[in-house]
Amino acid sequence: MKRIFSSLLASILVLTLCVGCGSIFTTLQTGDTNDQDGTAEGGGSIFTTLTDLDMNETVLEVDGNGIPADLYLYWVMNKSYELEYQLNMFKLSYGMYGENVDEEGRIKWDQTLDGDPVADIVRQNAENNALSYALLENVAKAHDIELTAEDQAAIDELLAQQAEQSGGEEAFEQSLYEMGISKESHTRMVASQYLYQHLAELAGDPASDIYQAPSDDDAYVDHILLATKDTATNEPLPEEEAAAKKAQAEDLLSQLQASDDLEALFTELADTYGEDPGRESGAGYLIDPDTNFVQEFKDAAFALKPGEISGIVESDYGYHILLRKELTEDHLRTLAENHLYEYLDVQMESALGGVVRSEALDGIDIGALYTAYIDALQTLHPAEEQEPADNGSGEDGTEAGSPDSTDGTAE
């Protein structure tokens, strides 16, 4: 479940920075909508006109903390659009899942995806994301974490900035209306980011009960690679050239073994001779046993202590010389955050068995609602109907209110 929390927090961050700049979908960016039918008129949700639900009604509850209908439906639409986008990209790029979308690129809701009904995939993904807010709040409360006065001031300032960037309070409310969430729910989503930050700080505090010290299998390693494959064709180099690479590696190793400033010389030689295209100057890699590196590299890395260099390590890529370094403060923060993800995942898994679901959710036809929602947005923005556009790449490439792209097509 780690992806639930990583994608949720990416979405929170995007929402924090960009909401009010447009509607939920990149294909339907808002313009001047104040004269159109279906406007916010002082707040509300577009779902009020599309369902019989009271948007303030609690539809999910975990350990006494509820999720209202508007926040749940926001994630249902978000995950529907995300899945539709991914299916179209797989169809376009790989010729896969074409049977799951129609000629206009819309989801066929009567189909299955890898054996699971499409609606069930969307429902589960949406429920997980929606419940994550309640769980995060519950975990924060259990650790006596509350929003500080500084947090609240930052939230208030952010909301004011978003309203200004939207073109005023009325336009800001229109954006929230089209996203389907109230200002209260939007503020709750933003506030979750601050609660998470405080939990991350706690996870990095050795005195905390959720702190986990780095293990010997958390290694920061730099390396010099002398490649024995052609970097353009990936074909093995001729034997003579490969032999020359090994001889060069032996020479570099001799220089390092005789050096009085091992780390400085290592960085210099790696910057000058290293042939790893993914390495940044002066930097290395934070790895653990699950890192997707060749086993020869990992075995050599974990055999070293900080400050030690390896001998010449041969892999399919060529000849490596490794230097294990001390973990930096940034690495310690990364490890603490990774542990927090794992901790939250365990809490989520434990909490799922006790989730209370409203019977009102049983009457929601996700496919029909999503279709009606898209139609409603296109009615508001008739001149903006177009083919789906790229909704960003990676966790921080998404648009305002658009689906993050970190979840898989099927959980």
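Glu84 is buried, at 3% relative accessibility. Buried means under 20% relative accessible area, exposed means over 50%, and partly exposed is in between (1.4 Å probe, protein chains only). The areas come from the Shrake-Rupley method, and for residues only the protein chains shown count as cover.

This is a predicted model: local features need pLDDT of at least 70, side-chain atom pairs count only at pLDDT 80 or more, and totals for chains, interfaces and linings use all residues. Residues are numbered from 1 along each chain as its sequence is written, and side-chain values use heavy atoms, with hydrogens and water left out.

Back to Glu84. What does Arg106 form with Glu84? The two form a salt bridge, with the closest N and O atoms 2.5 Å apart. A salt bridge is a side-chain nitrogen of Lys or Arg within 4 Å of a carboxyl oxygen of Asp or Glu. Side chains of opposite charge can pair when their charged atoms come close. Glu84 sits in helix 2 and Arg106 in the loop between helix 2 and strand 3 (112–113), so the pair ties together parts 22 residues apart in sequence. Helices (H or I, at least four residues) and strands (E, at least two) are DSSP runs, numbered from the N terminus. Arg106 is partly exposed, at 25%.

Helix 2 (residues 69–94) also holds Val76. Val76 is buried, with a relative accessible area of 1%. Leaving aside neighbours within four places in sequence, Val76 is in contact (heavy atoms within 4.5 Å) with Val122, Ala126 and Ile366. Gln124 is 48 residues from Val76 along the chain, yet their C-alpha atoms are separated by 9.0 Å.

Now for other charged pairs. The whole structure has 12 salt bridges. One of them joins Glu263 and Lys325, with the closest N and O atoms 4.0 Å apart. Glu263 lies in helix 8 (residues 262–273) and Lys325 in strand 8 (residues 318–325), so this pair ties together parts 62 residues apart in sequence. Glu263 is partly exposed at 44%, whereas Lys325 is buried at 5%. Both belong to a network of salt bridges that also links Asp222, Asp271 and Arg279.

Arg333 and Asp330 meet in a salt bridge too, at 2.2 Å from N to O. Both lie in helix 10 (residues 329–352), 3 residues apart, about one turn of the helix. Asp330 is partly exposed, at 49%.
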